[in-house]
Amino acid sequence: MYYVDLYWPDQDFVLEFDGKGKYTDPLYMAGRSASEVVYEEKRREDEIRAQVRGMTRVDWGVAASPTRLERRLRAAGFVFP
């Protein structure tokens with residue numbers, strides 16, 4: 001079981017926010033190398049994707065732009081009402 005950034009149960013869809021700090025800031029890396037962090041995140045994402053209908057990742061540049069965010073969500077299969 002994982003915690004995710006956003007989950008829409010009605011669409012069984014996950015949105016994850018990614019920032020550079022997750023892969024470069026020693027606080028978040030907890031003694032792991034960048035390659036270890038990336039590999040663990042990939043495994044986590046694979047397990048989440050296997051349990052939901054849709055998932056996508058965005059950085060803060062995309063998240064801050066409603067147009068770009070909607071485009072990314074639609075491309076990943078999110079259905080807007």
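Start with the largest pocket, which has a volume of about 240 Å³. The model on screen is predicted.

**Stop 1: the largest pocket**

Select Phe17, Asp18, Lys22, Tyr28 and Glu41; of the 14 residues that line the largest pocket, these lie nearest its centre. Next, colour strand S2 (13–18), helix H1 (21–24) and H3, the elements that give two or more residues to this lining. H3 gives the most, with four residues. If you colour the lining of the largest pocket by class, you will find eight charged, four nonpolar and two polar residues.

**Stop 2: arginine 44**

Stay on helix H3 and select arginine 44, which lies in it. Is arginine 44 buried or exposed? Its relative accessibility is 15%, and the cut-off for buried is under 20%, so arginine 44 counts as buried.

Now show the side chains around arginine 44. Its side chain makes a polar contact of 2.8 Å with the side chain of glutamate 16. A second polar contact, of 3.3 Å, joins the side chain of arginine 44 to that of glutamate 41. Glutamate 41 was also selected at the first stop, as one of the residues nearest the centre of the largest pocket. With residues up to four places away in sequence left out, arginine 44 touches Tyr2, Tyr3, Val4, Glu16 and Arg57.

**Stop 3: arginine 49**

Move along to arginine 49, in helix H3 (residues 34–49). Arginine 49 has 38% relative accessibility and therefore counts as partly exposed. Which backbone oxygen does the side chain of arginine 49 reach? It is that of methionine 55, at 3.0 Å. Apart from residues up to four places away in sequence, arginine 49 touches Met55 and Thr56. Then draw a C-alpha to C-alpha distance from arginine 49 to valine 14: the two are 8.5 Å apart in space and 35 residues apart in sequence.

**Stop 4: the second largest pocket**

Together with Met1, Tyr2, Val4, Tyr7, Asp12, Ile48, Gln51 and Val52, Val14 lines the second largest pocket. About 170 Å³ of space lies in this pocket. By class, its lining divides into seven nonpolar residues, one polar and one charged. Tyr2 and Val4, in this lining, are also among the residues that arginine 44 touches.

**Stop 5: two positive phi values**

Aspartate 12, from the lining of the second largest pocket, is next. Aspartate 12 lies in the loop between strand S1 (6–8) and S2, and has a positive phi of about 50° although it is not a glycine. Most residues other than glycine have a negative phi. At 25% relative accessibility, aspartate 12 counts as partly exposed.

Then select alanine 30, in the loop between helix H2 (26–29) and H3. Its phi is also positive, near 50°. Alanine 30 has 58% relative accessibility and so counts as exposed.

**Stop 6: the nonpolar core**

Finish by selecting Phe13, Leu15, Phe17, Val58, Val62, Leu69, Leu73 and Phe78, the eight residues of the largest nonpolar core. S2 and helix H5 (66–75) each supply at least two residues of this core, and S2 gives the most, with three. Nonpolar side chains tend to be buried together in soluble globular proteins. Centre the view on leucine 73: its neighbours within four places in sequence aside, leucine 73 is in contact with Phe13, Leu15, Thr56, Phe78 and Phe80. Thr56 is also one of the residues touched by arginine 49.

Terms used. Residues numbered from 1 in each chain as written. Predicted model: local features only at pLDDT ≥ 70, side-chain atom pairs only at ≥ 80, totals over all residues. Heavy atoms only, no water. Buried < 20%, exposed > 50% of the residue type's maximum accessible area, 1.4 Å probe, protein only. Contact = heavy atoms within 4.5 Å. Polar contact = N/O pair within 3.5 Å; in protein donor to acceptor, adjacent residues only side chain to side chain. 1 Å grid on protein atoms, 1.4 Å probe; cavity = no way out; pocket = protein on both sides within 12 Å on 5 of 7 lines; lining within 4 Å. Points joined across faces, edges and corners; volume = space filled by probe spheres on them. Nonpolar A, V, L, I, M, F, W, Y, C, P; charged D, E, K, R; others polar. Core = buried A, V, L, I, M, F, W, Y, C linked by side-chain atoms within 4.5 Å.
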